[in-house]
Amino acid sequence: MGAQCAEQSAGIMVVKIIYHEYFTQEERRWVFAMNEHMKRTMKEILQILFGTGLFGLTVNQLILPFGLYNTGFLGIAQVIVSFLTDVTGIYQGSFDLVSPMFLMINIPAFLLGLILMGKKFMVKTIFATTMYSVWMMILPAPKEAIVSDPLTACLVAGILTGIGVGIVLTTGAAGGGQDIVGMCITERNPKASVGIMYIIVNIFVYGCCYFIYDVETVIYSLIYTTLMALVLDRYHQRNILIGVMIFTKKENVSEGVLKNVQRGVTRWDGIGCYTSEDTKVYYSVVNKYELPSLKKEVHDIDPDAFIVCTEGVQVDGNFSKRLSD
């Protein structure tokens with residue numbers, strides 16, 4: 001056992017020697033960047049799988065058994081299928097058309113996202129949207145919900161689905177048409193949010209439900225989706241803005257933030273009241289998703305830097321929310 005450990009240690013040492021001896025500093029930086037990129041990609045994939053799975057499980061277990069309606073384009077898909085089956089009787093098959101219909105009505109939104117948000121955003125969005133449909137098709141959907149009270153189901157489902165969608169949005173992906181449209185609008189109007197877009201789409205969905213189904217179903221569905229929209233906006237880290245003040249004696253902190261975090265910085269010259277020493281005060285605004293990168297960049301330059309963060313600041317002016325990469 002000891003000999004095996006010694007061989008492994010020797011092998012690791014040889015790899016380190018080769019790495020530092022035969023690779024230039026620029027090549028080592030490239031390898032490090034590739035490793036970080038792979039780690040980030042795997043993390044985003046796992047987040048999308050978890051977020052979409054949480055949403056699909058919650059909808060199947062708590063929403064569909066009560067005959068309630070979902071938010072956004074998924075709700076529109078449910079209304080169309082209900083019209084084809086319950087109202088007109090055109091379709092009487094046993095196969096659930098909601099998931100295929102959801103994918104079909106998302107095609108125009110996909111084209112919009114591709115034009116306005118770019119290819120990387122659309123690759124992640126197509127993956128997330130597909131996983132929403134896959135989870136809803138393969139996860140169990142019992143005829144009776146796991147809770148007997150519809151109000152309890154609405155409250156629990158609103159919280160869980162809001163968290164699930166928020167996790168997906170935090171990766172820089174969208175989960176469907178209303179997410180894509182909401183992110184496109186929010187990128188260009190900092191006062192908007194994806195949650196507000198959900199509420200606007202729901203006015204149309206539940207207006208249709210009002211004429212097809214009973215008022216009670218519409219009310220419960222409205223409670224569920226409104227709570228979901230509120231939780232979503234709270235959990236969507238890229239939508240939460242944070243004001244950051246940095247106190248340091250280093251001169252080049254602003255260069256690191258500008259180059260690597262790519263956010264604007266304002267600097268003041270200050271004096272520490274306790275030490276009477278000169279200090280530099282930097283101020284920047286980032287979203288919650290970018291905050292760890294900013295802290296790392298600052299502490300790499302000055303480990304003793306003092307950072308104050310204020311969550312939920314309001315910004316009016318030329319500021320990009322950056323809801324996608």
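Mentor: Start with Arg-263, which is buried because its relative accessible area is 5%, under the 20% cut-off for that class. The model is a predicted one. The side chain of Arg-263 meets that of Glu-290 in a salt bridge, with N to O at 3.0 Å. Arg-263 sits in the loop between helix 11 and strand 2, and Glu-290 in the loop between strand 3 and helix 12, so the pair ties together parts that are 27 residues apart in sequence. Glu-290 is buried as well, at a relative accessible area of 12%.

The loop between strand 3 and helix 12 also holds Lys-288, and its partner Glu-311 lies in strand 4, so this pair ties together parts that are 23 residues apart in sequence. Here the closest N and O atoms of the salt bridge are 3.7 Å apart. Glu-311 is partly exposed, with a relative accessible area of 37%. Lys-288 counts as partly exposed too, at 30%.

Salt bridges with shared partners also join Glu-251, Arg-267, Asp-269 and Lys-280 into one network. Arg-267 is in strand 2 (residues 266–271) and Glu-251 in the loop between strand 1 and helix 11; they are 16 residues apart, and the pair links distant parts of the chain. Arg-267 counts as partly exposed because its relative accessibility is 38%, and Glu-251 does so at 47%. By the rule used here, the count of salt bridges is eight.

Now turn to helix 12, residues 291–301. Its buried residues are Leu-291, Leu-294, Glu-297 and Val-298. These four are on the same side of helix 12, because they cover an arc of only 130° around the axis. On the other side, Pro-292, Lys-296 and Asp-300 are exposed. The buried residues of helix 12 pack against strand 1 (241–248), helix 11 (253–261), strand 3 (278–287) and strand 4 (306–311).

Of its 325 residues, 44% are buried. Among contacts between residues at least 6 apart in sequence, 77% join residues at least 24 apart.

Definitions and conventions:
Residues numbered from 1 in each chain as written. Predicted model: local features only at pLDDT ≥ 70, side-chain atom pairs only at ≥ 80, totals over all residues. Heavy atoms only, no water. Buried < 20%, exposed > 50% of the residue type's maximum accessible area, 1.4 Å probe, protein only. Helix = DSSP H or I, 4+ residues; strand = E, 2+ residues; numbered from the N terminus. Arc of directions from axis to C-beta. Contact = heavy atoms within 4.5 Å. Salt bridge = Lys/Arg side-chain N within 4 Å of Asp/Glu carboxyl O.
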